[in-house]
Amino acid sequence: MQYRTIIRITGLLIGLFSITMLPPAMVAVLYKDGGGAAFIQSFFVSLLMGFVLWYPNRQFKSELRTREGFLIVVLFWGVLGSIGALPFIFSNQPDLSVTDSFFESFSALTTTGATVIVGLDTLPKAILFYRHLLQWLGGMGIIVLAVAILPVLGVGGMQLYRAEIPGPVKDSKMTPRIAETAKALWYIYLLLTIACALAYWVAGMSFFDAVCHSFSTIAIGGFSTHDASMGYFNSPAINLICVFFLLVAAVNFSVHFAAFSRRGINFKVYFRDTEFKILIAIQLILTAICFVTLYQSGIYDSAEQTLDYALFQSVSISTTAGFGTESFHLWPLFLPMLLLFSSFIGGCGGSTAGGIKVMRMILLLLQGSRELKRLVHPKALFSIRLGNTALPDRVIDAVWGFFSAYTLVFVVCMLILMALGLDNITAFSATAACLNNLGPGLGEVASNYAGISDGAKWVLLVAMMFGRLEVFTLLVLFTPTFWKN
């Protein structure tokens, strides 16, 4: 293991990450409502830490192997999540404990959207902006940004890219060079963010709210500048804009890349993609079930209002965003549980959504169907196909392995939470919300996570990491084989 090379790269990444402290400091100067000092302190502390790690190891520039790539990814998220907690620790408003500061930082960076802060409407603009900025950076994966920059500094990036990008097939790339791929992804990501911010602004949000919510929408993070989340604006137009961009962000970004290539715009690419079609079908089914149930319950005054709430909450929860226009946990219990289970599916592979991913669920269903056919025809050979492509068994094996590991992590985290005193509903929903990078849960965590114990928060923080790193990337570090020379 090339430890000094890893330390050098980690120092570079921390140094780059320290720059994220400056925009919130400028927001504090612009709005003059406080909070800027915490970011200046955090900037110098993180810059110094990065320099201390980088300078003694600056000459070590060995090529990274796959093992080092996985370790760098885990260190990156772990270290930067910790560095990201500094402004919350230094800040007087909100006055968070160390545990709460780490929880808020990791929740933002992993785009989970679970919060321990109450009173968002009265917080300094700098703190609000910083929370959304962390989500935006974490949405696509800071690693993708890093592999676009670090090759210029003499650091290879393919190993990092393969370790970070979600989806069952990790060997594919959209352009011959990984740096070009990363840059293309970030161009798309940036353009979608700008388009979303403009749409929010035109629909009636203030400029500050529009920018912040565009960050958390495209990142599918779910943070808001108001305690009432999207319900604060009470606008069906804003709700529809949010739904549209959540669906866009939940689509595999390689599909966006193919649709908006240099040859021109080709929307047929989307409808040729099996994962996209299944994603839309899931959203339509969930919305229909929620609408019919709510309409029959007579909770809302009109069919239009019922459809507005049903559509928004279905898309928001199932894509793992976690925005709210209504306290959906107060709906008939069948619906909150249905939506919570839908978050296990999440969005498409290669998107900013959490969950197991639509593609993996498709492959699990196809494998289940194949096993049923084998029971009827034991000697027959059946292949699993996506479109016209027959998938190798190693892909199916990897999906089953992922599903098994995902289930194991879920059960272990939930049992630990129950041992720490959380009731069944709270433990189940909190684990699901954090492992799926969703955010809001049920029971004690329906509104926020401030009321649970510090021990439970650390368990959920680990669950966020497992969910964001697609389980295997973190789990592989606990195997003896990984550390053998």
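Buried, as used here, means under 20% relative accessible area. E104, with a relative accessible area of 0%, is therefore buried. Keep in mind that this is a predicted model.

**Helix α6**
- Helix α6 runs over residues 98-109, so to speak a 12-residue stretch, and it spans 17 Å from first C-alpha to last, close to the 16 Å expected at 1.5 Å a residue.
- The helix is largely enclosed by the rest of the structure, because 11 of its 12 residues are buried.
- Among those buried residues are D100 and E104, along with F102, F103 and F106.
- Just past the end of α6, T111 has a positive phi of about 60°.

**Salt bridges that involve α6**
- Searching the whole structure turns up five salt bridges.
- One of them pairs K457 with D100, and their closest N and O atoms sit 2.6 Å apart. That joins distant parts of the chain, since K457 belongs to helix α21 (residues 454-468) and D100 to helix α6, 357 residues apart.
- Both ends are out of the way: K457 counts as buried at 3% relative accessibility, and D100 is buried at 13%.
- E104 makes a salt bridge too, with R131, and here the closest N and O atoms are 3.0 Å apart. R131 is in helix α7 (residues 125-140) and E104 in α6, so this pair ties together parts 27 residues apart in sequence.
- R131 has a relative accessible area of 1%, so R131 is buried.

**A loop-to-loop pair**
- E470 and K357 meet through their side chains in a salt bridge, at 3.0 Å from N to O.
- E470 lies in the loop between α21 and α22 (472-475), while K357 lies in the loop between α17 (334-342) and α18 (358-376), so the pair ties together parts 113 residues apart in sequence.
- Both E470 and K357 are buried, and salt bridges with shared partners join K357, R360 and E470 into one network.

- The largest nonpolar core has 148 residues, and Y200, M230, L363 and Y449 touch the most other members. Helix α19 (residues 393-419) gives the most to this core, with 11 residues.
- W201 sits in α10 and counts as partly exposed, at 47% relative accessibility.

Key. Residues numbered from 1 in each chain as written. Predicted model: local features only at pLDDT ≥ 70, side-chain atom pairs only at ≥ 80, totals over all residues. Heavy atoms only, no water. Helix = DSSP H or I, 4+ residues; strand = E, 2+ residues; numbered from the N terminus. Buried < 20%, exposed > 50% of the residue type's maximum accessible area, 1.4 Å probe, protein only. Expected span 1.5 Å × (residues − 1). Core = buried A, V, L, I, M, F, W, Y, C linked by side-chain atoms within 4.5 Å. Salt bridge = Lys/Arg side-chain N within 4 Å of Asp/Glu carboxyl O.
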